[in-house]
Amino acid sequence: MTTAAPTVGGRTRLSQSQSLVSRLVGFATSQEVVLLLVVVLLFTVVGNANPRFLAERNVLNIFNGNAYIAVAAVGMTMVIISRNIDISVGSLIGVLGTISGAMAVNGYPIWSSWLVPILLGGLVGAVIGFMVAYLRIPSIVVTLGLLSILKGGLITVTNGEWITDMPADYFLAQMRTPELSLPGITIPAIPSPIIIMVILTLLAALWMRYSATGRAIYAVGGNAEAARLSGISEKRIIMTVFIINGLCVGIAAVLWATQLSIIQSTVPAGLELQVITSAVVGGVSILGGIGTTVGAMLAAILLSAINSALVFINVSPYWFRSVVGVLILITVLTDMLRRRRTQI
Amino acid sequence: MPPEQPPILEMGHISKRFAATQALSDVSFVLHPGEVHALLGENGAGKSTLIKIISGVHKADSGSIAIDGQPVSFNNPREAQARGIATIYQELSLYPDLTVAENIFMGHAPRRKFGPVSVLDWDAMFSRAQELLESLNITDMDVRRKVGTLTVGNRQRVEIAKALSLNARVLIMDEPTAALTEADVQRLFEIVRLLKTRGVAIVYISHRLAEVYEVCDRVTVLRDGHYIDSKPVSATTEADLVSMMVGRTIDNLFPKITAKIGQPVLEVRNLTRKPLTRDVSLTVRAGEIVGLAGLVGSGRSELAQVIFGFTPAESGEIRIDGKVVKVRTPGDAMRHGIAYVPEDRGTQGLVRQMRVRENVSLTVLRSLASGLFINSQSERQLAEEKVKEMGVKTPSIEQIVGKLSGGNQQKVVVGKWLATHPRVLIMDEPTRGIDVGAKAEIHRLMSELAGQGLAIIMISSELPEVLGMSDRVLVMRGGQFVAEYSREEATQEKVVTAMMTEHGSTAA
């Protein structure tokens, strides 16, 4: 617009190389890379102690077991980054999973028993979003209420009856890709939850990083007032975040329900905490504005791997919860330290 | 009020420095029992710092404080309280969910023995609270009522009773009438006069000169952290006081370049949003810088936020280039070419944990996106361009904004707004808290932008800045414009008089 200052080539180049170094350092100390290293380390150490840990079957199980949690964590990541929380996800997964199973055994087309829960999840998300964004009720209160309603409602409606005898082609989560034999290498059959988890996580990560709406989510979570003053509609962003979260929860519910041969019509205990833990250990700041879905997915995998590793090194699985607790505290502590270092 | 009584409080040669700012230098202040002593000065003159030193919130770097002739040194507000110094701040510090009596006796409630333990003596607390209020001629307040349900005036009376329950002999009142209705002001004055007869010394801070004449005995004026003078109120006129307060040195930091002033860009007609925007009309032309002067709380930022749609108007109209536009949200304002650089860059201007690049592009995300995704190359280009244009000193556009200095952060905020190609730029305290060099750069930039035909509204509490940068100065008081001066007419005396006094309005 105005007179351009003469560019001093040397200085520009210097600052670019400085920024490259600092970006590399930033990348190497990012939560995602640290988590990846920890996962690799865990596999190496435990695999050394007990080679059966690295058996193809077990590794696939580790990735597969928490895949639906990682899918729910994609939505949770967005919710927490926008400086909200959803503690109803566990109950919603239970309810939507039950609906999915009930539809399947009652003769609805299989595709609809997969699709309807996802859409219902989006609808519930819209309701939560509306109450948070427009009625200005804190999300923790809205979802606490919803948690109770869903939990109570599920028992009342189903009388706690189990759903069994779903049609054979219902079990989406048990499907696998065909084994691929390329010259020199065999790619094993990969269970569908892993594929869905990876695709969804990467899509969400790209969208959050490169789309206008994704950027606005970080801005709203980082400083809602500054975001509003920049012309961003906080209400619209919060609605969007909760709707996407609802859709993710719907997908997670279908993955959860279709891996079971019996759906117990109850809400899996402590599931919402596992989802939130994945996000937090994955580097999503509980204060909003910071985090990625990739981190959350890696954290979900790490938690699954720890759970499995305890068995292979003969440690009582009851330690699992304590280990997770320690992980949460370490992550939050490093988050605080990192914040203190980057800003006053 | 016999002035011969020995002073209750003597402060001598007090100096205090906060980082880069010398808040007080060599200030003396003497207070006698039974006097109401006005403390006057512009925004930033050092009044708040002085009372915070009296009440033990801050410690002076040098100088002496004596109470009843004995030297004292307060490490915290409790120690000051114990020596009979009580402060009533603008934002009252009461607990809304507790009763009047509990608030009065917070921290020193009467107790009684209940077997081996000491418990609260509720009966004593209620009856003593009642007595205290009655001693102030307040008979219409229920001591069992929750403070949150009281009017502002009544809450203030609770604060005063609380101070007296601590046997306060020095009562500091920081703008006590700022939020009161006229009836409450009169009751406050009655209480002040009552306390005077009991020998309580009162430090009275107010921007309303009329009140100084109504209720105060002596006046001390501060300017830029310096002691100017102390006089009996009866020996001064309003004009004296104003000239003592102003006369701040205008350093030659304001390279105002006169721009060609063109057609009206922004026209505001009868804009109202109660309580602080009342029937305001305003025209700003291309190339013009209009300075809004006024005291804190006079409604300047509120007006800006109404024009910007952050708190949309209840009635009135906004025109851009002669066309009426609807501004209900900041998004609307931006679409019509209005930009707002807010008062507080930390909480309103920037997302501190984001990068420079991301902050600059925040206002134009939509237009940077082609399809679903933001075009990274255009985004980087935009950020590089604004960083260069504003002269932001940063290692790169990928720097986290929170790590930059205040001045550079402010340049990022301005850059972010220029990215929207605005026609009207509202700058709220554009140079508050930034160093002299960055300040001069912001001022140079404002001149340049005006030269390019932008219409600029500048809100500032620094008179020299207002007078130095504005083509026209508008003075606000109580949510309205009360005076308007051209660049040539405007003087510190005129502007301050309009800011502070009822009859200061000359042209409006």
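Author: Let's start with burial: a residue is buried if 20 or more other C-beta atoms lie within 10 Å of its own, exposed if 12 or fewer, and partly exposed in between, with C-beta atoms placed from the backbone. By that count, 48% of the 508 residues of chain B are buried. In chain A, buried residues make up 45% of 344. Please keep in mind that this is a predicted model, in which local features need pLDDT of at least 70 and side-chain atom pairs count only at pLDDT 80 or more, while totals for chains, interfaces and linings use all residues. Residues are numbered from 1 along each chain as its sequence is written, and chains are lettered from A and ligands numbered from 1 in the order in which they are written.

Reader: Thanks! How many helices and strands does each chain have?

Author: Helices (H or I, at least four residues) and strands (E, at least two) are DSSP runs, numbered from the N terminus. Chain A has 14 helices and two strands. In chain B there are 18 helices and 24 strands.

Reader: How should I read the contact between the chains?

Author: Two residues are in contact if their C-beta atoms, placed from the backbone, lie within 7 Å. Here 30 residues of chain A are in contact with 32 residues of chain B. On the chain A side, α1 (9-28), α9 (212-222) and α10 (224-229) each supply at least two residues, and the largest share, six residues, comes from α9(A).

Reader: Which residue classes make up that side of chain A?

Author: For classes, Ala, Val, Leu, Ile, Met, Phe, Trp, Tyr, Cys and Pro count as nonpolar, Asp, Glu, Lys and Arg as charged, and the others, Gly among them, as polar. The side of chain A that touches chain B divides into twelve nonpolar, 14 polar and four charged residues.

Reader: At what angle do α4 and α12 of chain A pack?

Author: Axes are lines fitted to C-alpha atoms, for helices over the stretch in contact, and angles run from 0 to 180 degrees between N-to-C directions. Helix α4 (residues 67-81) and helix α12 (residues 271-281) of chain A pack at about 65 degrees, with axes 8 Å apart. Residues of α4(A) including Ala73(A) and Met76(A) meet a set in α12(A) that includes Val275(A) and Ser278(A). By class, this contact has nine nonpolar, three polar and no charged residues.

Reader: Are Arg136(A) and His421(B) buried, partly exposed or exposed?

Author: Arg136(A) counts as exposed because it has 8 C-beta neighbours inside 10 Å. His421(B), with 13, counts as partly exposed.
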